[in-house]
Structures are given as C-alpha cells and as structure tokens.
Amino acid sequence: MRYISMSIVAFAIWLLWSGHYTFDHTLILILGILSCGFVVYLVSRLDIVDEEGIQINLARHLIVYIPWLLWAIFKANIDVAKRILNPKLPIAPRIVRVKGTQKTDLCRVIFANSITLTPGTVSLDLDEEEIVVHALTEEAADDVQSGDMDHRVTTLEQ
Amino acid sequence: MIIIDILSWICLILGCILCMIGGLGLLRLPDFYSRMHGGGITDTLGAGLVLLGLMFQGGLTMVTVKLVMILVILLLTSPTSTHAVGKAAFTSGLKPFLSDPANKGKNEHD
Amino acid sequence: MFIAAMIGILVTMALALCRALLGPTVYDRILSVNMFGTKTVLFIAVLGFLTGRPDFLDLALIYVLINFIGTLAILKFVTYNDLGADPEKENRTQTP
C-alpha cells in the first residue's frame with residue numbers, strides 16, 4: 001500500500017517537473033511511468049520505507065513554526081555576519097549539551113536540523129536524550145539552552 | 001513593475017554580499033568548528049536571498065515553482081551535510097578551539 | 001545586474017577554493033567543497049536568467065541533489081575507507 005502511494009507521488013512530481021500534460025508525446029509519458037516504477041523497485045530493494053508516513057497534524061503546526069524559524073535564522077545571520085566583519089567583536093566558541101524532549105524520531109531530526117540551520121550553532125552529535133551543540137558565541141549558546149526552540153518543536157508533536 | 005524589479009535587485013545584491021561575508025568567515029575564523037558557522041551563512045540567508053531575487057524576476061510561472069523547490073531542497077540538505085561533516089570530525093577526535101570560560105569575552109580571534 | 005551577482009558568487013567560490021587549498025584538516029576541505037557546490041547551484045540559476053534560458057534551473061535542481069550525495073559519499077570514504085561499509089557495526093579502520 002505504501003509503495004502504491006509512493007509511486008503515485010513520484011509520478012505526480014515527475015508530471016509537475018517535466019511539463020508533459022497532454023498525450024502529444026506518448027512515448028515520453030510511458031518512459032516517465034517506467035522510470036517511476038524503477039525508482040520504487042530500487043527503494044523497495046533498499047528497504048528504507050518506514051512506517052511513519054506523513055502526518056497531517058504536523059503540517060498544521062509547521063505553518064506556525066516555519067515563519068518563526070525563518071525569523072530566528074535571519075537574526076542569527078545578521079549577528080554572525082557582524083562578528084565576521086568586525087574583529088573587535090569577540091567570538092567565544094564552546095560546546096554545550098542541550099536536552100531534547102521530543103518523542104518521535106522525525107521531531108528530533110527537525111530539532112537538530114533547526115539548530116544547525118541557525119548560524120552560530122551546529123549540532124555535532126545526538127543520542128536518545130541530549131544533543132551536543134557547538135556554539136560560536138555565548139549568546140548563541142544561551143539562546144539554544146533556554147529551551148525556547150525545544151519547546152516549539154515539542155508542540156509540533158501534538 | 002519597477003518596484004518588483006528594484007526589490008529583486010536589492011535581494012540579489014544583499015544575497016551576494018552575505019555570500020561573500022560567509023566566504024570571508026570561512027577564511028579567517030580560527031578553527032574548523034567555527035568555520036562551519038561561516039559556511040552556514042552562505043547556505044541559508046545568502047542562497048535564500050539570491051533565489052528570492054530570482055523569484056521576483058520569474059513572476060508567477062513554472063520558473064518560480066522550480067526555484068522554490070531548489071530552495072526547499074537546499075534548506076533540507078545543507079544542515080544535514082553540515083551535521084555529517086561536524087559529526088565525522090567530532091567522533092574522529094578533532095579538538096575544538098575553546099575559549100577559556102574564566103576570561104570569556106576577552107579573547108580575540110586570528 | 002545579473003553580471004554583478006555572478007561576480008559576487010564567483011568571488012565566494014574563489015574564497016572557498018582558497019580554504020580548500022589551505023585547509024589544515026581534511027574536514028576543512030570537505031566543508032569548503034560542499035560550500036563550493038552550493039555556490040555552483042546559485043551560479044547555474046543566475047546564469048539561466050542571464051542568458052534567458054530558464055531550462056538551466058533543471059540542471060541546478062539536479063546539482064543540489066548530486067552535491068548532497070557527493071559530500072556524504074566523500075565523507076563516508078574518508079571516515080571508513082570503504083564506500084560499502086556498514087556504520088552500525090563500528091568496524092572503523094585507521095586512516096593511514
């Protein structure tokens with residue numbers, strides 16, 4: 001069942017990007033269908049399709065989360081750019097450990113990726129409970145340790 | 001029409017300047033772990049602003065859809081590869097340059 | 001104006017290349033090559049607009065994916081000395 005929905009999604013994406021909506025070039029359409037089938041066959045051999053699928057709930061929360069994340073990225077970018085351009089502003093690299101309270105793997109990955117996406121903090125390692133974060137400045141380290149982002153990602157699960 | 005043009009040029013030029021700042025950071029920051037932050041600037045806001053400027057030029061067409069897809073894939077893959085490089089360096093035991101917490105805020109880089 | 005943007009991107013690529021040549025560790029080099037790839041994607045996209053051929057965007061789209069896979073492949077080869085290694089088994093070999 002999952003493989004069927006996956007082939008449908010793959011063919012929809014192929015149709016969107018190729019731009020062949022009519023039956024003018026039937027051969028190309030057939031080749032597209034064949035290539036989608038081949039890709040699904042390869043994926044089934046790799047055995048990497050998991051049980052999780054796409055959650056509708058998550059998409060609803062993401063609408064709130066993504067603009068906040070973009071704004072955080074914007075602020076952090078300006079800060080790091082200033083520190084690179086001006087040698088007088090100090091940098092103080094440090095390694096901190098941040099607790100992640102997420103339960104599902106998907107939300108843990110979203111949290112770690114959000115940390116890395118924000119300049120000034122990079123997630124180096126993650127295990128079941130903690131994420132090892134390298135922070136460029138003290139402010140960035142305090143920011144990620146305050147738990148604001150962690151809290152926001154955790155609300156994605158509800 | 002002219003306003004959209006001006007907006008697009010501002011986005012393009014700002015994006016290029018941010019990219020150059022990121023490249024400069026890659027050169028002059030003191031150690032590997034700090035350099036990852038310099039690379040992060042070009043991957044997020046630099047690339048985002050350049051692609052946004054191109055979107056203004058493209059208008060509401062197929063071109064913009066492709067630009068949005070490029071941006072989304074870039075924002076999904078670039079932290080993953082940065083994390084992979086960082087994790088490989090961390091587990092292989094590369095020592096980070098850490099500031100002494102006793103006199104924090106005082107050390108100059110370079 | 002597209003030419004100004006292209007020059008900016010080329011300067012960034014030159015800076016990344018400098019770090020790839022200087023880089024004391026192999027991870028510095030991988031990081032700057034990864035950044036070089038990201039800038040190539042932007043360069044191809046701007047070039048498509050400059051020459052008025054938006055088909056170039058398809059190439060940029062493919063290049064994003066190849067860049068990601070390529071970085072991971074190089075990283076795996078450097079770390080395990082083997083592209084087919086299984087990271088779960090912790091059978092890490094020493095790099096010479």
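## Chain A: secondary structure

Helices (H or I, at least four residues) and strands (E, at least two) are DSSP runs, numbered from the N terminus. On that basis, chain A of this predicted model has six helices and three strands. Their order along the sequence is α-α-α-β-α-β-β-α-α.

Chain A has a radius of gyration of 21 Å, whereas the globule rule gives 15 Å for 158 residues; the value is well over the rule, so the chain is more spread out than a compact globule. The C-alpha trace of chain A spans about 65 × 35 × 30 Å along its principal axes.

Of the 158 residues in chain A, 26% are buried. When contacts in chain A between residues at least 6 apart in sequence are considered, 64% of them join residues at least 24 apart.

## Chain B: helix 1

Helix 1 of chain B covers residues 2-28 and has 27 residues. From its first C-alpha to its last, helix 1 of chain B reaches 39 Å, close to the 39 Å expected at 1.5 Å a residue.

Several residues of helix 1 of chain B are buried, including the glycines B:Gly15, B:Gly22, B:Gly23 and B:Gly25. Also among the buried residues of this helix are B:Cys11, B:Cys16 and B:Cys19, together with B:Leu12, B:Leu18, B:Met20, B:Ile21 and B:Leu26.

Chain C contains three helices and zero strands, and from the N terminus on its elements run α-α-α.

Buried residues account for 35% of the 96 residues of chain C. Among contacts in chain C between residues at least 6 apart in sequence, 38% join residues at least 24 apart.

## The contact between chains B and C

Chains B and C meet through 37 residues of chain B, which are in contact with 37 residues of chain C. On the side of chain B that touches chain C, the elements giving two or more residues are helix 1 (2-28), helix 2 (32-58) and helix 3 (62-91) of chain B. Helix 3 of chain B gives the most to this side, with 14 residues.

By class, the side of chain B that touches chain C has 27 nonpolar residues, seven polar residues and three charged residues.

How values were computed
Residues numbered from 1 in each chain as written. Chains lettered and ligands numbered in written order. Predicted model: local features only at pLDDT ≥ 70, side-chain atom pairs only at ≥ 80, totals over all residues. Contact = placed C-beta atoms within 7 Å. Nonpolar A, V, L, I, M, F, W, Y, C, P; charged D, E, K, R; others polar. Buried ≥ 20, exposed ≤ 12 C-beta atoms within 10 Å, placed from the backbone. Expected span 1.5 Å × (residues − 1). Rg over C-alpha atoms; globule rule 2.2 N^0.38 Å.
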